[in-house]
Amino acid sequence: MNRIKNSVLKALLALLISGTTVTVWAQTTNGKPIKPVKNVILMISDGTSLPVLSASRWMQRYIDKSFRHLNLDPYLSGTLITHSSNAPIGDSAPTTSCYVTGIPSITGFIATYPYSQTDANLFPLDSTMAYRPMPTVLELTRLQHNRKVGLVVTCEFCHATPADCSAHSYSRKRYDWIIPQMVHNNLDVVMGGGAGLLTPELKSHLESEGYSVFLNQLPEARNNTNPRTWQLYANRSIPYDIDRDTTLYPSLEEMTTKAIEMLSKGRGSENGFFLMVEGSKVDWAAHANDPVALISEFIAFDKAIGAAVDFAKKDGNTVVIVTSDHGNSGFSIGRKNFPAKYDQASITELFADWHRIQRSADGMAELLNNNPSAEVQKLFETYCGFTLSQEELTALYHCDGYKNSPLSANERDKNLVKASLYNTNLAQLICEIYYQHLPVGFTTHGHTGEDVFLAIYTPENIGKLVGVNYNYQLTDYMSKLLGIEQKPISYIDNYFAPLPKILEGIKYSLTTTNKGFATLNVETKKGLKATLESFTNLVHIYKGKNRIKTVKLPLASVYVDKTNTLYVSPELRKVLLDN
């Protein structure tokens with residue numbers, strides 16, 4: 001039986017790699033043709049379950065009685081079944097990786113082929129390709145069609161979802177592998193968090209390539225006219241929208257508008273663009289079980305959708321795709337013990353107290369740690385609309401993360417705090433306090449396995465996905481819109497071939513480090529020396545000790561220490577033979 005199963009999987013895989021359409025579930029459209037357009041904007045609200053949309057609508061209707069619909073509502077067309085290669089509940093890294101490569105992958109994998117687990121596989125896999133970097137639709141459309149490409153996020157720019165589009169690693173945590181790839185992969189526009197992560201050397205490289213780089217320089221970035229730009233804010237992520245200092249940090253809507261403007265002008269703009277926009281911290285708020293940040297982040301994301309759709313309507317040749325990569329937290333409006341008659345609770349009873357809270361749990365924690373303990377009740381009354389009960393105040397004083405507690409570290413005792421309130425992390429304690437005051441429910445701090453929403457705006461003559469589709473079918477749809485003729489995986493040998501195959505017959509050495517880096521050294525036939533550092537695309541040519549030339553490969557090389565293999569474009573061979 002296993003032999004038959006494996007033969008079927010191999011046959012399916014062969015069809016997938018050849019570019020032949022394989023449908024485990026029939027892709028459905030609205031009956032119109034899917035054909036190339038000039039621009040594609042992919043918008044991902046990370047970790048967003050459907051109830052978040054519902055709560056965001058009701059919250060805005062509570063604030064404004066005339067409000068009825070989110071910006072995305074007119075374009076909702078169906079759902080996506082999102083999963084990893086070996087698990088129905090996905091992680092951001094393999095799920096967005098699937099959207100841009102067409103291959104579901106493993107938790108933590110960034111645009112990298114998964115290892116096969118025969119009994120757990122939910123998708124046909126080739127075990128010989130494990131850990132191999134896979135080209136993405138962003139990379140392919142830049143290389144094949146000279147489209148401009150960009151990323152807009154609120155997390156650090158090298159976090160899982162943006163990295164999935166433009167880098168390759170079996171560990172989403174290896175920013176030291178991911179960041180240099182993103183810098184060397186010719187992204188036209190990058191906006192988001194992570195100013196503290198771009199090293200002076202990488203900043204200098206970007207500037208030498210003609211980019212304008214702004215690090216925590218919002219006024220200067222707003223005045224920028226250079227269409228090639230990196231604009232990064234905060235050390236890591238941009239603060240939650242509800243906490244955001246508007247003089248220091250742009251909104252997601254502003255960054256989306258600016259990115260579209262930059263991608264629509266300058267050299268190459270006539271070929272169109274691909275832009276990925278992520279509402280990154282909806283996911284973070286869900287993980288924290290912070291209902292205040294959760295809804296305010298999604299509303300900020302929906303404003304960015306409005307900006308993208310407004311552009312698409314005026315342009316007439318742009319498709320906007322909006323979805324999530326997975327569910328998170330089991331969030332609900334209402335829970336069994338609040339209020340008692342939940343089905344009779346008015347919109348005011350459900351949302352008035354919620355709306356009064358004007359800081360995320362992170363934002364309140366920062367306020368508490370920057371003000372004396374005598375101000376605690378005033379701060380909660382001002383920013384949350386309530387004061388703490390004695391039980392909540394006791395929990396705050398005994399919280400290890402509360403720097404200004406009137407209790408010394410030795411005086412704090414978790415045994416004096418109700419178990420449901422006790423937390424050493426101040427922001428998490430505040431989330432629990434919010435939970436006590438609001439009509440919301442959470443089942444977990446982790447991801448969940450439900451289908452995610454799909455909304456698509458298209459010009460009148462372009463088809464859209466409708467009904468229920470799988471995550472890899474979104475890849476097929478975007479590929480058709482971008483004019484990528486085959487499945488992205490079929491281009492793997494064009495850009496990520498194993499070094500021994502490329503340099504067959506050429507003498508070389510590969511020096512590796514215990515931190516997962518590698519340096520290629522080659523003596524060319526003309527007596528010159530060539531070097532290539534892993535995770536860059538720069539081949540340096542030396543005569544003696546003098547560097548005489550630098551040649552750029554289409555994409556950064558990727559070294560995989562687990563297989564001791566450097567994956568690189570076959571163009572490397574031509575470079576070496578020509579020098």
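**View 1. Packing of helix α2 against helix α11.** In this predicted model, the axes of α2 (residues 50–63) and α11 (residues 291–315) come within 9 Å and cross at roughly 85°. Axes are lines fitted to C-alpha atoms, for helices over the stretch in contact, and angles run from 0 to 180 degrees between N-to-C directions. The two helices α2 and α11 are therefore roughly perpendicular to each other (angles under 35 degrees count as roughly parallel, over 145 as roughly antiparallel, 65 to 115 as roughly perpendicular and the rest as oblique). On the α2 side the contact (heavy atoms within 4.5 Å) is made by Val-52, Leu-53, Ala-55, Ser-56, Met-59 and Gln-60, and on the α11 side by Leu-294, Ile-295, Phe-298 and Ile-299. By class, the contact of α2 with α11 holds eight nonpolar, two polar and no charged residues. Here Ala, Val, Leu, Ile, Met, Phe, Trp, Tyr, Cys and Pro count as nonpolar, Asp, Glu, Lys and Arg as charged, and the others, Gly among them, as polar. Helices (H or I, at least four residues) and strands (E, at least two) are DSSP runs, numbered from the N terminus. Residues are numbered from 1 along each chain as its sequence is written, and side-chain values use heavy atoms, with hydrogens and water left out. Because the model is predicted, local features need pLDDT of at least 70 and side-chain atom pairs count only at pLDDT 80 or more, while totals for chains, interfaces and linings use all residues.

View 2. Two strands pair if DSSP finds at least two bridges between them.

**View 3. Strand β3 and its two partners.** Nine of the nine residues of β3 (residues 148–156) are buried, so this strand is largely enclosed by the rest of the structure (buried means under 20% relative accessible area, exposed over 50%, partly exposed in between, with a 1.4 Å probe and protein chains only). Strand β3 runs parallel to β7 (residues 273–279), joined by five bridges. Val-149 has Phe-274 in β7 as its bridge partner, and Gly-150 stands opposite Leu-275 in β7. Four bridges join β3 to β4 (residues 189–193), also in the parallel sense. Glu-156 stands opposite Gly-193 in β4.

**View 4. Helix α6 beside helix α7.** Helices α6 (residues 175–184) and α7 (residues 200–208) pack at an angle of about 10°, with their axes 10 Å apart. That angle makes α6 roughly parallel to α7. Ile-179, Pro-180, Val-183 and His-184 of α6 meet Leu-202, His-205 and Leu-206 of α7. This contact has five nonpolar, two polar and no charged residues.

View 5. Ser-171 is placed in the loop between α5 (160–166) and α6. Its relative accessibility is 17%, so Ser-171 counts as buried. Leaving aside neighbours within four places in sequence, Ser-171 is in contact with Gly-108 and Ile-178.

**View 6. Helix α10 and the residue after it.** Six of the eight residues of α10 (residues 281–288) are buried, so the helix is largely enclosed by the rest of the structure. These buried residues are Lys-281, Val-282, Asp-283, Ala-285, Ala-286 and Ala-288. Asn-289 follows α10 and has a positive phi, near 60°.

**View 7. Asn-469 in strand β14.** Asn-469 is found in β14 (residues 467–470). At 0% relative accessibility, Asn-469 counts as buried. Its C-alpha atom is separated by 5.0 Å from that of Leu-80, 389 residues apart along the chain.

**View 8. The five-stranded antiparallel sheet.** This open sheet has the order β16-β17-β18-β19-β20, with antiparallel pairing. Strands β16 (508–512) and β20 (546–552) stand at the edges with a single partner strand each, so one side of each is left without a neighbour in the sheet. Neighbouring strands of this sheet are turned by 20° against each other on average, direction ignored. Within the sheet, β17 (residues 518–523) and β18 (residues 529–533) pair over five bridges in the antiparallel sense. Lys-529 in β18 is the bridge partner of Glu-523.
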